[in-house]
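Me: I am new to this structure and would like a close look at one part of it, the packing of its nonpolar residues. Please go on from there to whatever lies around it.

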Amino acid sequence: MSAITDFFQKIQNQILEIQTTINQIKTSWENLQKFWDLFFTLVPWEVLLLLIFSVILLSIFNSVSPKTPKANLTVSVLLLSALWIYFWGLFSKEISYGKVIFSSLYILLPLHAIGLGQWIYGWGKQIYWKKRRIAPVLWDSALHQLSLDYHQWVGKAHLYHDKIQENRGSLLEELDRLDQSLKGIRSLLLQEKPMQIKNPDDTN
């Protein structure tokens with residue numbers, strides 16, 4: 001009798017394990033469905049398909065020009081978008097240009113956002129330093145900036161002394177900075193009001 005009870009108990013335990021496994025699979029499937037629903041809410045399927053084919057085309061372009069991956073991906077997206085519009089027009093009278101443009105920008109904007117941010121930062125930094133060189137406020141800071149620009153230019157001139165023509169663009173840029181610092185010194189000297197001189201004992 002005990003053996004029969006144990007046998008049915010084992011069967012019951014196995015059934016419970018199977019039910020538990022089924023429930024776990026069901027829960028995992030529901031979580032997967034929720035994930036994909038959320039994913040395709042954030043990333044439309046058109047964007048995903050465009051990205052997949054763009055990456056395939058990118059591998060071809062990278063084999064030809066491996067040093068320009070960002071430009072290659074941009075060309076891939078634009079080319080596939082043009083083909084998308086073309087084939088859409090063959091099979092449908094109405095073309096949703098907005099959907100194509102949106103899908104393209106969904107990929108291209110993040111791709112170029114970092115580069116654009118770096119360009120804006122560099123441009124702003126260049127304007128800031130140009131203004132600081134041309135219109136300095138303190139005499140000591142103007143002299144310090146002139147000294148830095150001078151040594152920077154002389155250092156590059158010595159570095160490129162045997163390749164002046166090949167590097168004249170870089171040397172001219174440094175010379176422009178030096179010229180701006182000289183203009184700043186000149187503007188301070190031409191001021192009628194007393195020049196501001198930083199106090200060496202000033203800790204602020």
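Reply: A nonpolar core is a set of buried Ala, Val, Leu, Ile, Met, Phe, Trp, Tyr and Cys residues joined through side-chain atoms within 4.5 Å. Buried means under 20% relative accessible area, exposed means over 50%, and partly exposed is in between, with a 1.4 Å probe and protein chains only. The model is predicted, so local features need pLDDT of at least 70 and side-chain atom pairs count only at pLDDT 80 or more, while totals for chains, interfaces and linings use all residues. Residues are numbered from 1 along each chain as its sequence is written, and side-chain values use heavy atoms, with hydrogens and water left out.

The largest nonpolar core has ten residues: Val43, Val47, Leu50, Leu57, Leu58, Leu73, Val77, Leu80, Ile107 and Leu108. Two or more of these residues come from each of helix 2 (45-64), helix 3 (69-91) and helix 4. Helices here are DSSP runs of H or I with at least four residues, strands are runs of E with at least two, and both are numbered from the N terminus. Helix 2 is the main contributor to this core, with four residues. In soluble globular proteins, nonpolar side chains tend to be buried together.

Contact means heavy atoms within 4.5 Å.

Ser81 has its place in helix 3. Ser81 counts as buried because its relative accessibility is 6%. Not counting residues up to four places away in sequence, Ser81 touches Leu50, Val100 and Ser104; Leu50 is one of the residues of the largest core. Ser81 and Tyr97 are 16 residues apart in sequence, and their C-alpha atoms are 9.7 Å apart in space.

Helix 4 (residues 97-134) also holds Trp119 and Trp123, four residues apart, about one turn of the helix. Trp119 is exposed because its relative accessible area is 56%, whereas Trp123, at 47%, counts as partly exposed.

Next comes the largest pocket. A pocket is an open set of points on a 1 Å grid over the protein atoms alone, where a 1.4 Å probe fits, with protein on both sides within 12 Å along at least five of seven lines; lining residues have an atom within 4 Å of a point. Grid points are joined across faces, edges and corners, and a volume is the space filled by probe spheres set on the points. The largest pocket holds about 200 Å³ of space. Helix 4 and helix 6 each supply at least two residues of its lining, and helix 4 gives the most, with six residues. Among the lining residues are Trp129, Lys130, Arg133 and Gln180.

Gln180 belongs to helix 6 (residues 168-190). Gln180 counts as buried because its relative accessibility is 16%. Beyond its neighbours within four places in sequence, Gln180 is in contact with Lys130, Arg133 and Ile134.
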